[in-house]
Each structure stands twice: as C-alpha cells, then as structure tokens.
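This report describes a two-chain model, chain by chain and then by selected contacts. The sequence and structure come first.

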Amino acid sequence: MARKEITPTDEFVKGLWRDNPVFVQVLGMCPALAVSNTAMNALAMGLATTFVLLMSGLSVSLLRNLIPREARIVCYICIIATFVTSVDYLIMALSLELHRALGAFIALIVVNCLILGRAEAFASKHGPGRALLDGLGMGVGFTAALLFIGVVREILGSGAVFGVPLFPDGFQTWTIMVLPSGGFFAMAVWLLLANRIRQKQEDAEKRAARAGT
Amino acid sequence: MSDVSHWSIFLNAALVNNFVLAYFLGICPFFGVSSKLETAMRMGYAVGFVMLVASVCAWALNLLLALIDAPFLRIISYILVISSTVQLVEMLMKKLSPATFRAMGIYLPLITTNCAILGLALFQTNRGYDFLQSVVFALGAGAGFALALVLMAGVREKLDLASVPELVKGTAAALVVAGILSMGFMGFAGLGR
C-alpha cells in the first residue's frame, strides 16, 4: 500500500470494508453463495474474480477514451469475457479437480455484476493506476467475504477447514450447511453482523460529531 | 445424460435443481424484484421467454462453434447473443405493453447480467442436450425461476406487515426466507431421476 498519499490508499481500502462488495453493496451474490461450500472453493473463486477485476479494470481504464459511450456496455462485456475465458483455461490447466468443483461458475464470472459495476462506475472514469488499486481492493474484499462464508460453512458442514479435519471423530456434521440453504443462512448471519458493526460505528461517529460541536 | 426422458429434465430443472434455490443463479433479480407479486410474475415471464430464446440460440451457436473448432469463443458469443435477445425483448415489450415496461424498470436490461440465463446456456452445452432436450430444459428452468420468484414475493408481501427488528429488515430477512424456501425445495430431491 502507498503510505505517502492518502487518496490512492483510500481507493484500495474502501473495497475492504466501507464499500465491501458482498456485505455492503450486495453485489456478486450468486458466486458468493454457490461456491462457498468449502474454504478452498471460496478462495479459488475469489482469486479468479480478483484477477478478472484487475485485468478488466486496467483494460477499460486504458481504453476509456477510445470506447464510444453508446456502445460501452457491449465493449466492457467483451473485455470481461475475454479475461474470464483465459481464467477458465488457466484453472483447467492448473488443477482439473478444482475446475470440476467450480464447474460453470468460473464462466459465470462474466455476469458477476460486481465486475461490470466497477468497470462502469470506476475504471471508465479514472486512470490505470487508480483503476488497478480499486480493482485490487474490491477483489480482496470480495475474496475475504467469500472466505468468511466458506470457512463457516466448511467448519459446520464437514468439520474441517481447507480439508484439514478440526474435530475428533464424534463430531456430528451439520450437513445442511454444505447444502444450498446453508449458504443463505451463513450469508444472512454475516450480513447481520456487518450491519450491527456498521450501525455501532455510525452511532459512535454521530456521538463524536455532537461532542465536537 | 442424453438418454434421460424429457419429463425428468423438466422436473429436474424446475423443482429438484431449481435454478435460484439450488444453483444460486439469478439471485440479484430474485431479491431485487420480489417485493411485489405483480412485478415478480411479469419478471418471471420475461426471464422465461429470454431463457427459451437464448437456449435455442445457444444450441445453434454451439453447432457453429464446433464446426469452426473454436470452443474458446463460447462464453463471449453466448453473452453477446443473450444481450441482443434482451434488447429485442425490451423493444417488443415497450411496443406491446408500455405499462409493464415501466413497471420492470432497470431490471429489464439487467436480465442480460442474470446469471441464470448464461448458466442455462452453459449447462445445456456441458450436458450435451439435443435440440428438444434444450428447449424442455429452458422451459423447466424458466418455470422454476418464475415459481421461486412468485413464492418469494408472496412471503415478502406478508413480511411487510410483520414487525421485523430494524437490523434484520431488508436483505438479511430476505436471505433467511430464501434459505427456508430452499430447504423446502430439498424435499423434491430424487423426484425426476
């Protein structure tokens, strides 16, 4: 992180908490719920999405003066689809097992509203450096959110983290957590927690502002 | 996979592996337009129609891509076909029923980034469905999506009248409802196979 200037750091940090894509903006929910049944899948999905975010942010930002406004969405989608295809083939080459576990969801990164949203709202208006930082922040925030959900679901659903068993043999696994409905519940609880923390922060800020005046 | 009956493909797509509640596809419109029963139904029809058209197009495109031996163009060509179909539906709807068009608002163009539709096109290609199977699969998926949306809207309309704590209101409450609905749909497991 760049420490000397405040603004570039801000571009990075805002994705982590204040504008966290999953818990605050509620974008990119489909992959967040679908592939978070184990921590490993969640991490792989988060990294793949971060890569696409970075590369598409960079390309959109470099091409922002060449892309006509009327046809911009189509251009963005083509750029994103190109990088998603390369990630798809990259994962297939690195680990066929992982590719099978994630299935069609790698290809579905194309329609992750988070990526198109960042291209439209940020990368098309800022330079490549800023766009990269923003993409990195959003990507890390997204990966962290996915990991939070994935770790909880794996611990409760199969009694392990990253495939390493945590409990002695007698542990009764909550199979429901690996099943689809578990995803909804885990996400709901994290969202509640995030809301609660944010509410407390806002209250504290308000109190501080009142004390100041 | 290609020897399963059409009826079981339909049941499987609509109920057992419901696109929204089992595959988590199309979550954004599922939460976005499910606050009113009326809009939810219209959204269900629109998505069902786009699914049908996209499925036929994807089947034809896949033949073409196999012919020129370029499977790496699959994602990019599917998404372009889907976005032009959505544009077409938008124009048709504006012409035929302006009231519906206005009620759908931003969610109509957003069907393009509805993962349920791209997911449908990719699933049918991965499973190697033939033409008729693809159409049946699309019909089932569309029916399942509309069903989930309407059920959710019904629950949320009632939920508006209940006293929910301020903190839980909105997305968190909707997520819990979706989780319970999804549990209900698990009861269909083993039905269509």
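Two residues are in contact if their C-beta atoms, placed from the backbone, lie within 7 Å. On that basis, Tyr78(B), Ile79(B) and Ile82(B) in α4(B) meet Ile117(B), Leu118(B) and Ala121(B) in α6(B). The model is predicted.

## Helices α4 and α6 of chain B

The residues of this contact between α4(B) and α6(B) are six nonpolar, with no polar and no charged ones. The axes of α4(B) and α6(B), the latter covering residues 115–126, come within 10 Å and cross at roughly 130°. Angles over 145 degrees would count as roughly antiparallel and 65 to 115 as roughly perpendicular; α4(B) and α6(B) are therefore oblique to each other. The crossing of α4(B) with α6(B) is right-handed.

## Helices α1 and α7 of chain B

Helix α1 of chain B covers residues 6–16 and helix α7 of chain B covers residues 131–159. Their axes come within 7 Å and cross at roughly 30°. The cut-off for roughly parallel is an angle under 35 degrees, so α1(B) is roughly parallel to α7(B). The crossing of α1(B) and α7(B) is right-handed.

On the α1(B) side, the residues that meet α7(B) are His6(B), Ile9(B), Phe10(B), Leu11(B), Asn12(B), Ala13(B), Ala14(B) and Leu15(B). Their partners in α7(B) include Leu132(B), Val136(B), Phe137(B), Leu139(B) and Leu147(B). Gln133(B), Gly140(B) and Gly144(B) are also among the α7(B) residues in this contact. By class, the contact of α1(B) with α7(B) has 13 nonpolar, five polar and no charged residues.

## Chain B as a whole

Chain B has eight helices and zero strands, and along the sequence these give the pattern α-α-α-α-α-α-α-α. The radius of gyration of chain B is 17 Å, close to the 16 Å that the globule rule gives for 193 residues, so chain B is as compact as a globular protein of that length. The C-alpha trace of chain B spans about 60 × 45 × 25 Å along its principal axes.

Of the 193 residues in chain B, 45% are buried. Among contacts in chain B between residues at least 6 apart in sequence, 81% join residues at least 24 apart.

## Two loop residues with positive phi

Phe24(B) is not a glycine, yet has a positive phi of about 60°. Phe24(B) lies in the loop between α1 and α2 (27–32) of chain B. Is Phe24(B) buried or exposed? Phe24(B) has 28 C-beta neighbours inside 10 Å and counts as buried, the cut-off being 20 or more.

Asp69(B), also not a glycine, has a positive phi of about 60°. The position of Asp69(B) is in the loop between α3 (37–67) and α4 (74–96) of chain B. With 7 other C-beta atoms within 10 Å, Asp69(B) is exposed, since the limit for that class is 12 or fewer.

## Chain A as a whole

Chain A contains eight helices and two strands. From the N terminus on, its elements run α-α-α-α-α-α-α-β-β-α. Along its principal axes, the C-alpha trace of chain A spans about 60 × 55 × 30 Å.

Of the 213 residues of chain A, 42% count as buried. Among contacts in chain A between residues at least 6 apart in sequence, 74% join residues at least 24 apart.

Arg210(A) is placed in helix α8 of chain A. Arg210(A) has 8 C-beta neighbours inside 10 Å and counts as exposed. Arg210(A) and Arg118(A) are 92 residues apart along the chain, and their C-alpha atoms are separated by 35 Å.

## Where the chains meet

How many residues of chain A are in contact with chain B? The number is 32 residues of chain A, in contact with 31 residues of chain B. On the side of chain A that touches chain B, α2 (29–34), α4 (72–94), α6 (113–123) and α8 (180–212) each supply at least two residues. The largest share, twelve residues, comes from α8(A).

By class, the side of chain A that touches chain B has 25 nonpolar, six polar and one charged residues.

Note on methods. Residues numbered from 1 in each chain as written. Chains lettered and ligands numbered in written order. Predicted model: local features only at pLDDT ≥ 70, side-chain atom pairs only at ≥ 80, totals over all residues. Axes fitted to C-alpha atoms, helices over the stretch in contact; angles between N-to-C directions. Helix = DSSP H or I, 4+ residues; strand = E, 2+ residues; numbered from the N terminus. Left-handed = near helix turned anticlockwise from the far one by under 90°. Nonpolar A, V, L, I, M, F, W, Y, C, P; charged D, E, K, R; others polar. Rg over C-alpha atoms; globule rule 2.2 N^0.38 Å.
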